Amino acid sequence: MIFTVISPLKDPKVLGIIIGGSITLLTFIATQLINHLKDLKKNRRDLITLVTQTHSKLFSLIYQGSCNKEKINYIGIRQELERINLIYVLPKKLKEPFKNLYNVYNGNEDFYKDNKHKIHGFLVKIVQELDRIK
């Protein structure tokens, strides 16, 4: 008696099952990945909303200063930055302008005077990034 081995890939039903299962699995993985990325974006947006509402005075001063260079409340921003430290909870793209702002305000007097003109640019970058996130 001769036994013949039939390859499962030659059977059209088995091949259909394998292709259907593969497509289903890939669709499931892609859907899970997309949902995860949406959740991350929503969580980031919620965090920014919470931070801006919690520290509304600072962000109000930042918005006012970004709109008009002549109306920057340097003392108010300095007081708020000394009172709170939120760099660690901010998203990566917001950390850099905030870190630069902190460095200017926390530097010595000569460093502050030399870099005071950059504050408006940092405020504008912060507002642009906040608008992009929301």
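Isoleucine 19 is partly exposed, at a relative accessible area of 45% (buried is under 20%, exposed over 50%, partly exposed in between, with a 1.4 Å probe and protein chains only). This residue lies in helix α1, residues 12-54 (helices are DSSP runs of H or I, at least four residues, numbered from the N terminus). The model is predicted: local features need pLDDT of at least 70, side-chain atom pairs count only at pLDDT 80 or more, and totals for chains, interfaces and linings use all residues. Residues are numbered from 1 along each chain as its sequence is written, and side-chain values use heavy atoms, without hydrogens and water.

Aspartate 46 forms a salt bridge with lysine 42, their closest N and O atoms 3.0 Å apart (a side-chain nitrogen of Lys or Arg within 4 Å of a carboxyl oxygen of Asp or Glu). Aspartate 46 is partly exposed at 38%; lysine 42 is partly exposed at 45%.

Glutamate 80 forms a salt bridge with arginine 83, the closest N and O atoms being 2.9 Å apart. Glutamate 80 is buried at 5% relative accessible area, whereas arginine 83 is exposed at 56%. Lys57 joins Glu80 and Arg83 in a network of salt bridges.

Helix α5 (residues 109-115) has its own pair, glutamate 109 and lysine 113, four residues apart. Their salt bridge has closest N and O atoms 3.1 Å apart. Glutamate 109 and lysine 113 are exposed. The count comes to six salt bridges.

How values were computed: Helix = DSSP H or I, 4+ residues; strand = E, 2+ residues; numbered from the N terminus.
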